[in-house]
Number of protein chains: 2
Amino acid sequence: MMADTQARHLQIGAVVFPRIDQGDLTGPFEILSRVPDSTFHLIWKEKTPIPDARGLILTPQMTFPEAPQLDLLVLPGGPGQEALMEDEVVLAFIQRQARGASCILSVCTGVLLCGAAGLLKGVRATTHWSAHHLLPYFGAIPVNARVVVDGKYITTAGVTAGLDGALRVVVFLRNDLIAQQIQLAIEYAPEPPFASGTPRTAPLDVVAAARSAAREITDARLATAQRIALRLGVQV
Amino acid sequence: MMADTQARHLQIGAVVFPRIDQGDLTGPFEILSRVPDSTFHLIWKEKTPIPDARGLILTPQMTFPEAPQLDLLVLPGGPGQEALMEDEVVLAFIQRQARGASCILSVCTGVLLCGAAGLLKGVRATTHWSAHHLLPYFGAIPVNARVVVDGKYITTAGVTAGLDGALRVVVFLRNDLIAQQIQLAIEYAPEPPFASGTPRTAPLDVVAAARSAAREITDARLATAQRIALRLGVQV
């Protein structure tokens, strides 16, 4: 689907922002920064250092106006995504880049930014389990899967699903061989100690505790999604 | 084994350094920074920002002399580990912290720093597949496993194995319930697109290409390991 990108230098860029979940960014960075003949940019309004949701300091390398047209736009999520849902500067950047990009990869709740930019109408998509019920407010078609590919949109479930999504992106932008070499380089043969990675497989008390911990931000995200559905003319 | 840590505020600290592999740090950070009643410190000689091996900028929060006694010392790896193998300031910090820590977690080639500090004699350990044959030079007992627990030392295979290792650490420092809640929060139910995460399972051409790409640093690491074996009085 993206054969035109096979031969040329790839411009890859991720939007970083205050209270991002750093894993949504650094997981894909670990894979995508290894793609031969590519450059990975961290992009935000300013270049001053930014703390992630738990205090890891990330430093953007360029501002929105400085960014080249990207071949791959990466949209991470995290609690800080909520503050950007009606930020016209951020949404305009996503819209402009998405028009020219070969591929848009969202990780976790980064998909909500994509939705707020009006890009997901009729698009099959996934996100973190705590926000999955919000996808219809953006006109997206929710799919219960870890990675969903629909045209040039690749959306993933929560945080660590960015690893699986990024490897799929490497296949699309390059090929199987390069994706497999990267998987071997980062020794990605996971052995999770429990089966509690999804609400379908986790023990009930674990799910209840996790839902309770996510309740406040989930309620806020719902209210925002309802406002945005009105703006986008989406009926749920 | 670490019951004394269950009730108190945990001091967690990772050594960061130039040309670290950021995934060795940010994977465990994603998990360990979620442990209730804990603080995660990034520690280095100076507080100036540091680029990882592929350009991601990390910012240390404290210097070695400023660090409190850690309950958990995290040692990431990456190409930059090689420059620290005979750095007395770094090795003295690791030795001092390891004495008082309840747990030492090494990720990828971070184990070599632990070995260079003389801490692995007779300890069962693992590391990235490209460096696994170097473990005996530090007196360690190589184990072909993704995560190896021996007393207070938890060592892991390459990069992404830090996720599996960090969840095991949460079980030791806290309990199963908290580890499972964290696994669910980061939706860690991995679906790697290929079986190429280890040399035993990857296609032969993928392994050959990866070994070739790692040859230069592997040769350098061998020469260093041989010098250190002499210093430590280890016969291989």
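**Sheet, helices and a loop glycine**

The model I am reading is a predicted one. I traced an open sheet of seven strands in chain B, with the order S5-S2-S1-S6-S7-S11-S10 and mixed pairing. I then checked the edges: strand S5 (62-63) and strand S10 (147-150) of chain B each have a single partner strand, so one side of each is left without a neighbour in the sheet.

Next I looked up one pair within the sheet. Strand S6 (residues 72-75) and strand S7 (residues 103-106) of chain B run in the parallel sense and are joined over four bridges. Opposite Leu75(B) I found Ser106(B), which belongs to S7(B).

I went on to the helices. Helix H1 (residues 22-32) of chain B lies across S1, S2, S6 and S7 of that chain, and I noted an angle of about 160 degrees to S2(B). Helix H2 (residues 88-100) of chain B lies across S1, S2, S6, S7 and S11 of chain B, at about 145 degrees to S6(B).

I turned to chain A for the loop residue. Gly77(A) sits in the loop between strand S6 (72-75) and helix H2 (88-100) of chain A. Is Gly77(A) buried or exposed? I list Gly77(A) as buried, because its relative accessible area is 0%, and the cut-off for buried is under 20%.

I also looked up its surroundings.

Terms used. Residues numbered from 1 in each chain as written. Chains lettered and ligands numbered in written order. Predicted model: local features only at pLDDT ≥ 70, side-chain atom pairs only at ≥ 80, totals over all residues. Heavy atoms only, no water. Pairing = 2+ DSSP bridges. Helix = DSSP H or I, 4+ residues; strand = E, 2+ residues; numbered from the N terminus. Contact = heavy atoms within 4.5 Å. Axes fitted to C-alpha atoms, helices over the stretch in contact; angles between N-to-C directions. Buried < 20%, exposed > 50% of the residue type's maximum accessible area, 1.4 Å probe, protein only.
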